[in-house]
Amino acid sequence: MPTPRPNLSIDAERLRAALRRSSGIGAGPRGGLRRLALSDSDREMRDQFVAWCEAIGCQVVVDTAGSIFARRAGREDDLPPVVIGSHLDSQASGGRFDGVLGVLAGLEILRTLDDNGIITKRPVEVVDWTNEEGARFAPPMTASRVFAGLATVEWLHDLTDDDGLRYGDELRRIGYLGAAPVGGRSLDAYFELHIEQDSLLEEQGVSVGVVTGGYYSHALNCIFRGECAHTGPTEMRKRRNAMVGAAYFLAAVNDIGWDYEPVGRSSASRMQIWPNRFGILPDYTEVTVDMRHTNRAVTDEMVEKARAALTQAAARAQVEAEVTAEWTFGDEAFDPECNNLVRQAAKARGTSCMDMLSIAGHDAYYISRIAPTALVFSPCIGGITHNEAEDIPWEPTVEAVNVLLDAVLARADR
């Protein structure tokens, strides 16, 4: 590990100001964020991020997935870059730090290098991955998935939201349909800082979590088709209510999670119904569910039970059902060398640090398939997240960003 530069630390108040500015763009009614991907507020935040990056001389490039890369040149600028990143989009009722902290921490690291006149051996980039949340365009982590070569740009552009609007069309509308190809280039390493989205670090009084792996997650998107009918005169035995079939299924999926707790989780997070009006039985319902466990074989077992429940629910409601899409993540391995740089940086600063698993999904999962990757956690108050009440303890967060600074510098200068 290169010799650390003494007394090099971020400007904590500048980072706080950037987070405060972000919090005012797409603000939710209860103090959080409602900054859905490719919305007008997402465009405003992107414009602000680009302006900040260009102000310190970064070269900004946008790819055809809409992801923004801000590049700070290195002494040997033809070497693959060390990349820091996360996402700036939020959930429909999201917090101010989920994803945002990782991007703005990367920006603050570039600003700190600029302040101190430090030119790293390798270039350093900060990336805002598009549509990490998947709250508007499912599934999640779509741009990083395409960057890693796991899906095509055409697939991505054809995704639609609940109003039928295409990802590609919305990307063009907000002015962020870039010209650069997605992926196809080497990264020296990728570092992602993210709030933990759980309370373990806070409970243990630890400032930095080194993520060694994750829960294996498997999601299913399912459609139920029945028949519209009057809610009054239609006899019970003649009803083909798509919503009822979905309800039977969702209850069964929830029970599966209870069968595997406390480690296993199952979730029913989304339902779309048509016509969704009083007085008429709906003939169409779409739901999204997922199952998670630390053991991939156990997750697979949970998923098979869900598939069986889907068949049973459809038969009970006298409707048809099918799985129309599914996706997985979470069994990726993070890079031992990058993780060690984080641990060494924490030790050198006297910052508390622990190894842990991630339950939630992150862009780092897909990028780990093509580049050495470290996923770093900082504390989250009460574990509250995907909720406007999400908050962070400030001093431990600053410690985590400084550890990230040191780890990135060590990687970029080796």
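1. Ground rules. Residues are numbered from 1 along each chain as its sequence is written, and side-chain values use heavy atoms, with hydrogens and water left out. Because the model is predicted, local features need pLDDT of at least 70 and side-chain atom pairs count only at pLDDT 80 or more, while totals for chains, interfaces and linings use all residues.

2. The sheet. An open sheet is built from four strands in the order β9-β11-β7-β12, with antiparallel pairing. Strands (E, at least two residues) and helices (H or I, at least four) are DSSP runs numbered from the N terminus, and two strands pair if DSSP finds at least two bridges between them. The edges are held by β9 (265–274) and β12 (320–329), each with a single partner strand, so one side of each has no neighbour in the sheet. On average, neighbouring strands are turned by 15° against each other, direction ignored; axes are lines fitted to C-alpha atoms, for helices over the stretch in contact, and angles run from 0 to 180 degrees between N-to-C directions.

3. A strand pair up close. Nine bridges join β7 (residues 216–225) to β12 in the antiparallel sense. Leu-220 has Glu-326 in β12 as its bridge partner.

4. Helices on the sheet. Helix α8 (residues 242–259) lies across β7, β9 and β11 (284–293), at about 5° to β11. Helix α9 (residues 296–317) also packs on the sheet and touches β7, β9, β11 and β12, its direction making about 10° with that of β7. Contact here means heavy atoms within 4.5 Å.

5. α8 against α9. These helices pack at about 150°, their axes 8 Å apart, which makes α8 roughly antiparallel to α9. The classes are roughly parallel under 35 degrees, roughly antiparallel over 145, roughly perpendicular from 65 to 115, and oblique for the rest. The contact includes Tyr-248 and Phe-249 of α8 and Met-302 and Leu-310 of α9. Its residues divide into twelve nonpolar, two polar and two charged, where Ala, Val, Leu, Ile, Met, Phe, Trp, Tyr, Cys and Pro count as nonpolar, Asp, Glu, Lys and Arg as charged, and the others, Gly among them, as polar.

6. α3 against α12. Helix α3 (residues 100–115) and helix α12 (residues 394–413) pack at about 60°, with axes 10 Å apart, so α3 is oblique to α12. Among the contact residues are Ile-109 of α3 and Leu-405 of α12. By class, this contact has eight nonpolar, two polar and no charged residues.
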